[in-house]
Amino acid sequence: MQDLTTRQRGALYILMAGVFLSFLNQTLMNTALPSIMREFNIDTSLGQWMTNGYMLVNGVMVPLTAFLIQRFKTRQLYLTAMAMFTVGTIIAGFAPNYGVLILGRMVQAMGGGVFGPLMNVVVMNLFSSDRRGAAMGMIGLALNFAPTIGPTLSGAIVSFVSWRWLFLGLAPLMIIDLIFAMVRLKNVGEQKFLKFDFTGVVLSSIGLGTLLYGFSNAGTGNWTSPNVWAYGLVGIVTTFAFVYQQTHTKVPLLNLRVFSYHNFWVAVIINVVLMTALYGGALMLPLYLQSVRGQSAMVSGMVLMPGAIVTAFLSPTSGKLYDRYGARMLAPIGLTITLIGTLLLANLGMHTPLWVPVLGQLIRQVGLVLVTMPIQTEAFNAVPLELMPDASAAFTTVRQVSASFGTAALITLYSLVSLSQRHQGVSYKLAELSGIKTAFYVAAFIVFISAVLTRLLRKR
């Protein structure tokens, strides 16, 4: 990877480890949730805060990282974030009750929200524009592999030992990374003594927090509930107020001028559409395997495993292909492959051999690895280096909101179709299958829209 010095290479690997642990941590909880609910004797609505609470705090932190990355030195910021992430993990691992467990998750999220945007900014500073794809491809290994392997790893741990080892098992890895960072991590970029935009922080926290909370509640399928539309409305209004305030203040928390660069805003729109299909569709396959086919969480995880392995091997290659061909050529190919895999999953039946969903998910992952990091790199390459912290924070924030919305929208669609089928006298499993197939078909259509939008990208 380019002629990096030992110092630069060390910084890159340390940050990659932090990103991997952060993204892995986000996906470990879904499989463990039933065990946690039984131990603390709580219902599903409370149990959802294991993931919702983390997502809310993490989402609120991301816009703030644009300020933090510029205001504090790389080493100072990373050590603080990793220390918080580690402390939160240990608190959660030893939690005597559910309230302390949620506290630990939120402390984790405060640290974990910094890693992704900080990683992007460091890469953009270390590498020239013609080598950034290869670097981002390496990071894509962490970003894509961790969430995919998370459910499989979680299923294995919960099956053989306590859910607490999901935290206690990762804590030593975090401590090792923290020690390496203390010894080897050096500062990248220039420190700026910016004024803190308190109003911007309040507006972004309320706006993003209520939007994400509303979308998480929409996962029940009841969009008419005040817990969905009221929070969503407050989130939209407050977010518009945040945008207005940011464009009229002298020292904004998040410099929205990044959206004036053509390929950046086009890449953001493509990413919004893609995340809607990716995250919403990702939930459908485990539902099919466990609710319709009656398979265990372990089998469900093993079906996802080949796609995870392919992701790990192809991520660095996709970055090199981006450097050579650019997103305008690479993204449509990746999205076409994703479309084929999604359509294959949309045609699953009650007695389809298990190798078919394995193949469908594998094809889908091959396509996604060819498009996700190239689109992100294209967005950042379109922006001047001095605006990179703002570009990274803006891109990550929009990605999180769109992923949350996509999950809620496709789960709602699945719920409505399956409920309608049951009202018509269709058996429970066939009704569930119908809802899942409909969600996959809609996800396929969304992927097609993403492919069309790539034509808006300008040649480099």
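Me: What share of the 460 residues of the chain counts as buried in this predicted model?
Reply: Of the 460 residues, 57% count as buried. The cut-off behind that word is a relative accessible area under 20%.

Me: What makes the pair Arg164 and Glu39 a salt bridge?
Reply: The N to O distance between their side chains is 3.1 Å. The limit is 4 Å, so the pair qualifies. A search of the whole structure finds 2 salt bridges.

Me: Why is this pair said to tie together parts that are 125 residues apart in sequence?
Reply: Arg164 lies in the loop between helix H7 (132–160) and helix H8 (165–168), while Glu39 belongs to helix H2 (residues 29–40), so the contact joins parts with that separation.

Me: Why is Glu39 called partly exposed?
Reply: Its relative accessibility is 42%. Buried requires under 20% and exposed over 50%, so a value in between is partly exposed.

Me: How do you know that Glu432 and Arg422 form a salt bridge?
Reply: Their closest N and O atoms are 3.2 Å apart, and the limit is 4 Å. Glu432 lies in helix H18 (residues 428–453) and Arg422 in helix H17 (residues 388–423), so the pair ties together parts 10 residues apart in sequence.

Me: Are Glu432 and Arg422 buried or partly exposed?
Reply: Glu432, at 4% relative accessibility, counts as buried. Arg422, at 31%, counts as partly exposed.

Me: What is the reach of H17 set against?
Reply: H17 has 36 residues and reaches 52 Å from its first C-alpha to its last, close to the 52 Å expected at 1.5 Å a residue. Just after H17, Gly425 takes a positive phi of about 90°. Buried residues of H14 include Leu330, Pro332, Gly334 and Leu345.

Me: How is the packing of H4 and H6 described?
Reply: Helix H4 (residues 49–71) and helix H6 (residues 98–126) pack at about 35°, their axes 7 Å apart. H4 passes H6 in a right-handed crossing. The contact residues divide into 17 nonpolar, 7 polar and 1 charged.

Key. Residues are numbered from 1 along each chain as its sequence is written. This is a predicted model: local features need pLDDT of at least 70, side-chain atom pairs count only at pLDDT 80 or more; totals for chains, interfaces and linings use all residues. Side-chain values use heavy atoms; hydrogens and water are left out. Axes are lines fitted to C-alpha atoms, for helices over the stretch in contact, and angles run from 0 to 180 degrees between N-to-C directions. Helices (H or I, at least four residues) and strands (E, at least two) are DSSP runs, numbered from the N terminus. A crossing is left-handed if the near helix is turned anticlockwise from the far one by less than a right angle, and right-handed if clockwise. Ala, Val, Leu, Ile, Met, Phe, Trp, Tyr, Cys and Pro count as nonpolar, Asp, Glu, Lys and Arg as charged, and the others, Gly among them, as polar. Buried means under 20% relative accessible area, exposed over 50%, partly exposed in between (1.4 Å probe, protein chains only). The expected span of a helix is 1.5 Å times one less than its number of residues.
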